[in-house]
Amino acid sequence: MPYVIVRGSLASYCHKYPWRVLVSGLQGSDIKQLDKFSCGGYSDETTIVYLVHPCHILSALEILGYRVVASSSTAVKQDYNEYMWTMRKEFSEPEPLETESVVRENLSNIGREAASSGIYQKVHSPE
């Protein structure tokens, strides 16, 4: 899954843990890498909560190859806005090998040419 949702506030909401950032959609390898950048937190089946400033998580995800593609904010209560960032990671598609496509094309052309010219002969193999 190339998309990740990050949600948090730039203002602290309590004194014990001033920030709380929720991250949804991470792959297992990215979770392990992100643990090197962050501290504390908890998780459920789909979301990991980090107890650090959102910029810390956003910067770590950028290092891991994610880019912000959209953002929004909502007013949760007076003087407390919550922000949401949608991030995307590009995965490279494996390129088809040129030799395979050329060989397939050549084989199919040989079959067509032989059938149209009438020189196609069935070859019997000894058993």
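The questions and answers that follow concern a predicted model and set its values against the cut-offs behind each term.

Q: What makes tyrosine 83 and tryptophan 85 an aromatic pair?
A: Their ring centres are 6.0 Å apart, and rings pair if their centres lie within 6.5 Å. The two residues therefore meet the criterion for an aromatic pair. A search of the whole structure finds 1 aromatic pair.

Q: Why is the pair of tyrosine 83 and tryptophan 85 called stacked?
A: The angle between the planes is 25 degrees. Planes under 30 degrees apart count as stacked, so the term applies to this pair.

Q: Why is tryptophan 85 called buried?
A: Tryptophan 85 has a relative accessibility of 12%. Buried means under 20%, and the residue therefore falls in that class.

Q: Why is tyrosine 83 described as partly exposed?
A: The relative accessible area of tyrosine 83 is 26%. Partly exposed covers the range between the buried limit of 20% and the exposed limit of 50%, so tyrosine 83 belongs there.

Q: How do you know that strands E1 and E6 pair?
A: Strand E1 (residues 3–8) and strand E6 (residues 80–89) are joined by 6 bridges and run antiparallel. Pairing requires at least two bridges, so these strands qualify. Within this pairing, isoleucine 5 stands opposite threonine 86 in E6.

Q: What makes E1 and E2 paired strands?
A: E1 and strand E2 (residues 21–24) share 3 bridges in the antiparallel sense.

Q: Why is serine 12 called partly exposed?
A: Serine 12, in the loop between E1 and E2, has a relative accessible area of 44%. This value lies between 20% and 50%, so serine 12 is classed as partly exposed.

Q: What makes Pro18 and Trp19 contacts of serine 12?
A: Contact means heavy atoms within 4.5 Å. With neighbours within four places in sequence left aside, Pro18 and Trp19 are in contact with serine 12.

Notes
Residues are numbered from 1 along each chain as its sequence is written. This is a predicted model: local features need pLDDT of at least 70, side-chain atom pairs count only at pLDDT 80 or more; totals for chains, interfaces and linings use all residues. Side-chain values use heavy atoms; hydrogens and water are left out. Rings of Phe, Tyr and Trp (its six-membered ring) pair if their centres lie within 6.5 Å; planes under 30 degrees apart count as stacked, over 60 as edge-to-face and the rest as tilted. Buried means under 20% relative accessible area, exposed over 50%, partly exposed in between (1.4 Å probe, protein chains only). Helices (H or I, at least four residues) and strands (E, at least two) are DSSP runs, numbered from the N terminus.
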